[in-house]
Amino acid sequence: MPPIILSEEVPYDPESHHCEPLDLNKPLGGHLWWHSLYWTNFPPLSIFDQQAWAENPDGEVPASLRVLNSDNRLAEQYITYGAAREDLCRRLPLPSRAVRLTVECMQYEGARDNSWDFPLQAYIPRRDNHQPNDLQARRFGDNGVMHLGLNAEEFSERVQPVGDMPAVIHIADKAAVENPTWGYYHAVMRIGGWPYRIKRIGTFEGCGLGGRRQVELGICYWEDQILWDLIEGPAEETQGEEKVNLRKGYKFWASLLDLDWLGRKRDERQVECPSVPPEKGYVWFTVVDTITVPSTGRKGVQIRILEEGVVPAWLDLNFMQVFAGSLPLGFLNEMESEGPPEGSVSLLRTPSDDPATPDGRRKVVVRNQHCKLVFDEPMTLKVHDFVDMGWAMHDCCYQGASIRLGPKPGTWTADVGEDEGMVAYKASGPPPLCHGEGDKRVITSVPRSDYPYERRLVE
């Protein structure tokens with residue numbers, strides 16, 4: 001299936017149009033742009049393989065991009081994380097052997113859309129000139145991915161030494177014709193070329209007895225030198241000399257946006273009362289040297305990942321494949337958690353009469369001591385059922401789990417059964433809406449779930 005290509009024009013002069021951090025009218029903001037980065041920030045993707053374009057110039061992707069990029073440059077092309085994940089899942093071969101790893105922590109940000117769709121809703125006036133929620137500069141959830149923090153020591157023993165994984169930190173690249181205050185502004189940690197956005201970074205070294213230094217990076221524009229002063233050393237300390245990295249060998253930790261919310265609060269009345277310490281999601285590393293990042297041509301700092309923290313990974317919930325950066329690890333076969341309560345997630349295959357699916361139809365079964373949830377083929381689930389699946393997997397294993405990955409999408413079974421226990425959490429959302437009767441009936445809203453209620457794991 002070809003990707004969906006969107007084009008957005010910005011009618012401003014990038015040299016003179018600067019946006020304040022809280023400006024709700026800034027261009028390149030909203031849900032789509034939050035989940036997108038400039039194409040040079042990603043590892044090589046087959047969708048941008050220009051040699052393949054030359055061999056098949058009339059293909060859907062090159063033909064569409066040729067219309068958008070009339071100057072024959074791939075200059076202003078952004079790509080969503082979801083499209084990049086799909087590209088890697090479809091293109092890269094999986095390891096031929098199974099492996100079992102420990103998941104120290106995980107994060108899921110799926111969200112249901114319970115808004116009602118009815119005629120003329122776009123014409124409702126907004127008081128006080130409020131901007132629609134999907135255009136405001138804030139964080140947005142991603143239904144299609146679950147982020148995992150893998151035990152780094154086990155990863156080194158069973159997959160590859162974490163110190164050998166290519167890793168670099170740099171400012172996320174942007175188009176040359178774009179003002180840096182537009183949209184979002186991130187520092188990224190790229191592992192195997194895959195970009196993880198950094199939320200917080202710090203060190204305990206070089207700060208005196210009991211001291212520490214850390215920087216909280218925002219999502220809107222900030223001065224680059226703030227980051228370089230921390231991981232390179234202050235510019236004034238090397239003034240008049242050859243530029244050297246004064247932080248070589250220093251040990252740092254980083255909190256990523258993908259692993260900064262690891263579980264609900266123990267007490268909702270408290271401002272901070274996490275059930276999973278945020279430190280479990282830290283990536284620890286040492287600084288190697290300052291380099292020029294090949295894909296962007298801009299400055300970056302090469303780092304070496306340490307075994308003291310986690311290896312960030314992602315699980316694509318459509319393909320059920322796990323990647324550490326851009327390194328494929330295999331299909332999710334099973335996750336087991338000691339809880340409390342004890343639980344498991346299983347990816348199973350059932351026989352199918354459809355000749356187009358010789359590998360069977362996948363089912364996801366989530367169970368614990370109190371209940372059981374069965375989800376159909378992830379690729380065909382309605383959006384609310386898909387989100388329920390993501391939250392069921394998270395609620396089962398967010399305290400830590402053992403994960404088994406393999407080259408095949410689950411084991412065969414004749415029947416996976418049905419839901420068990422009091423899994424009906426609350427109403428699923430608005431009912432079907434329509435107007436008119438008979439042949440003149442017009443449906444304006446259809447249910448986003450096959451169930452009349454939201455299904456959640458009983459804890």
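Aspartate 376 is partly exposed, with a relative accessible area of 28%. In this predicted model, aspartate 376 forms a salt bridge with arginine 361, and their closest N and O atoms are 3.1 Å apart. The two residues link distant parts of the chain: arginine 361 sits in strand 16 (residues 361-368), while aspartate 376 belongs to the loop between strand 17 (372-375) and helix 7 (383-397), 15 residues apart. Arginine 361 is partly exposed as well, with a relative accessible area of 30%.

A second pair is worth a look here. Arginine 362 and glutamate 377 form a salt bridge whose closest N and O atoms are 2.6 Å apart. This pair also links distant parts of the chain, with arginine 362 in strand 16 and glutamate 377 in the loop between strand 17 and helix 7, 15 residues apart. Is this pair buried or exposed? Arginine 362 is buried at a relative accessible area of 9%, and glutamate 377 counts as buried at 10%.

## Other salt bridges

How many salt bridges does a search of the whole structure find? The search finds 25. One of them joins the side chains of aspartate 173 and arginine 298, with an N to O distance of 3.2 Å. Aspartate 173 counts as buried at 9% relative accessibility, whereas arginine 298 is partly exposed at 30%.

Salt bridges also form a network, which links Arg112, Arg264, Asp388, Asp395, Glu454, Arg456 and Glu459.

## Strand 13 and its partners

Strand 13 (321-324) is covered on both faces: Gln321 and Phe323 are buried on one side, and Val322 and Ala324 are buried on the other. Strand 13 pairs with strand 12 in the antiparallel sense over three bridges. Within that pairing, tryptophan 314 has phenylalanine 323 of strand 13 as its bridge partner. The hairpin of strand 12 and strand 13 has four residues between the strands, and in this hairpin methionine 320 takes a positive phi near 55 degrees.

Strand 13 also runs antiparallel to strand 14 (residues 327-337), to which four bridges join it. Glutamine 321 finds its bridge partner in strand 14, namely phenylalanine 331. Two residues stand between the strands in the hairpin of strand 13 and strand 14, where glycine 325 takes a positive phi near 70 degrees.

## Buried residues in helices and strands

Which residues of helix 4 (residues 81-91) are buried? They are Tyr81, Ala84, Arg85, Asp87, Leu88 and Cys89. The cover over these buried residues includes strand 1 (36-38), strand 2 (78-80), strand 4 (145-151), strand 7 (194-203), strand 12 (310-316) and strand 13.

Isoleucine 191, found in strand 6 (residues 187-191), is buried with a relative accessible area of 2%. Leaving aside residues up to four places away in sequence, isoleucine 191 touches Met165, Pro166, Ala167, Tyr196, Ile305, Pro312, Gly325 and Ser326. The C-alpha atoms of isoleucine 191 and methionine 165 are separated by 6.7 Å, although these residues are 26 apart along the chain.

Beyond residues up to four places away in sequence, glutamate 154 touches Arg100, Leu101, Thr102 and Val159.

Where does leucine 6 sit? Leucine 6 is placed in the segment before helix 1 (31-34), and it is exposed with a relative accessible area of 58%. Together with Ile4 and Leu32, Leu6 makes a nonpolar surface patch of about 330 Å².

## The chain as a whole

The secondary structure comes to seven helices and 23 strands. For 459 residues, a compact globule would have a radius of gyration near 23 Å, and the 24 Å of this chain agrees with that. The C-alpha trace spans about 80 × 55 × 50 Å along its principal axes.

Buried residues make up 49% of the chain. Of the contacts between residues at least 6 apart in sequence, 74% join residues at least 24 apart. The accessible surface comes to about 23700 Å², and 50% of it belongs to carbon and sulfur atoms.

Methods
Residues are numbered from 1 along each chain as its sequence is written. Side-chain values use heavy atoms; hydrogens and water are left out. Patches are made of residues with over 30% relative accessible area and no salt bridge: like charges are joined within 9 Å, nonpolar side chains (Val, Leu, Ile, Met, Phe, Trp, Tyr) within 5 Å. Accessible areas come from the Shrake-Rupley method with a 1.4 Å probe; for residues, only the protein chains shown count as cover. A salt bridge is a side-chain nitrogen of Lys or Arg within 4 Å of a carboxyl oxygen of Asp or Glu. Buried means under 20% relative accessible area, exposed over 50%, partly exposed in between (1.4 Å probe, protein chains only). Contact means heavy atoms within 4.5 Å. Two strands pair if DSSP finds at least two bridges between them. The radius of gyration is taken over C-alpha atoms; the globule rule is 2.2 Å times the number of residues to the power 0.38.
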